[in-house]
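Please consult the sequence and the model shown here alongside the text.

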Amino acid sequence: MRLEDHSGFDQVLQLDQVLQRGGMYDRYRAAFVALGAVTLVFTLGTLPGAAYAVGQGHEARAEETSPSREGYWPLEEAPGGTAPNVEPEGLPLTLNGDAWIYRNEDIFGDAALVGLGDLRLDGDGDWAATPAAPVGGDGSFTLAARARLAAADDRTQTVLSLPGSNADRIAIRYQAASGEWEVAVSTEDKADAPQVVISDEQDLPGEGPYGVSDHLAVVFDAPAHELRFYVNGQLTIKSTAVDTTSWTASGGLQVGRSAIRGEYFQGTVDEVRAYSGAANQTMISQMASLTGLPDL
C-alpha cells in the first residue's frame, strides 16, 4: 500500500461525519466498520491468518502428497500358489520351491505373524516373487515387511530385494557377519558394484520358530538423497545414509531371497508392502503394528 493513497479511508471518514450530524451514527456505524474492513482487504490483500485447508478446493503442497501404494500382500492365502495383491490390478506374488502359506485354524496352534496367515520359508531354495518390479527404484520408494528369523547361523539371509541384471537395487537382509538387520543398496547395476549399507544395532534379530518378529521398512527419499531404515517403527541415529543411487530395478520383487546372490531366508515373512514415494514416520509406525491395515 502507498502511504499517499488514502482515498478509501477519506470517504469513510467523510460519511462518518455526515451521519453524526444527521443523527444516524449509531444506526449505521456497523455498516461503516464493515466497509472499512472491505477497504483494507482490497488495499492490503488477504487478511493475515486467512489460510486455506486442503480438501476445500485447494490442492495439497507437494511435500504433503501421500505415497502411492503399488503393492500390499497380507499373505493370508495363496490359491494355486499365488498370493494376491490387495491393490486393485496390482502384481501378485508367486510362490516358488517349497514356500507355503501357513494358516492358523486352531486357537491353540502357532499364531501367524499378523492375521491368520503368513509365508513360511525353509531357506533351501524357497521364495516368492512378482512378475515385474512394483517400484523401480529410480525415484522415491518404500518397502516393508514383517519377518521372523528361524535360525541365525553363518548365512546372510535376504528378506526382500529388488534385482537388476547384475546387482540388487536394494536388499533388506540379516547380515551374518554382524548379526544385525541391514539394508544394502548397489550404486550401479554391475557385479561387485560399491554399496551403501546401513544397519540397525539396537534391535537384534530374534530367532527360533516361535521367536519375536521384527518389522523392517526402508524409505528412499530421492529429492533428499537419503536412505532410511526403520526397525519396529523406529529410526535409530545410525539408520540413515546419504544415497544418490538412481538406477532402475529390472526384476520383480523377491521375497525370501536375493535373485543375484541367493541368500535364501529361513523363517517367516508377512505383511509385505511397496509404495512409490517416501512414507513418513506416522505411516511407518502404522505399518509396524501387529494388525493388518488394508487401507494404509
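The points below cover the salt bridges of this structure, grouped by topic.

The model is a predicted one. Across the whole structure, a search finds 15 salt bridges. Side chains of opposite charge can pair when their charged atoms come close.

- Glu 263 and Arg 173 form a salt bridge, with 3.9 Å between their closest N and O atoms.
- Because Glu 263 lies in the loop between strand E15 (254–255) and strand E16 (266–276), while Arg 173 belongs to strand E9 (residues 168–175), the pair ties together parts that are 90 residues apart in sequence.
- Glu 263 and Arg 173 are both buried.

**The network around this pair**

- A network of salt bridges links Asp 168, Arg 173, Glu 182, Arg 261 and Glu 263.

**The pair Asp 221 and Arg 228**

- A salt bridge connects the side chains of Asp 221 and Arg 228, at 3.6 Å from N to O.
- Asp 221 has a relative accessibility of 18% and therefore counts as buried, the cut-off being under 20%.
- Arg 228 is likewise buried, its relative accessible area being 12%.

**The pair Arg 273 and Glu 271**

- Arg 273 pairs with Glu 271 in a salt bridge whose closest N and O atoms are 3.9 Å apart.
- Arg 273 counts as buried because its relative accessibility is 2%.
- Glu 271, with a relative accessible area of 6%, is also buried.

How values were computed:
Residues numbered from 1 in each chain as written. Predicted model: local features only at pLDDT ≥ 70, side-chain atom pairs only at ≥ 80, totals over all residues. Heavy atoms only, no water. Salt bridge = Lys/Arg side-chain N within 4 Å of Asp/Glu carboxyl O. Helix = DSSP H or I, 4+ residues; strand = E, 2+ residues; numbered from the N terminus. Buried < 20%, exposed > 50% of the residue type's maximum accessible area, 1.4 Å probe, protein only.
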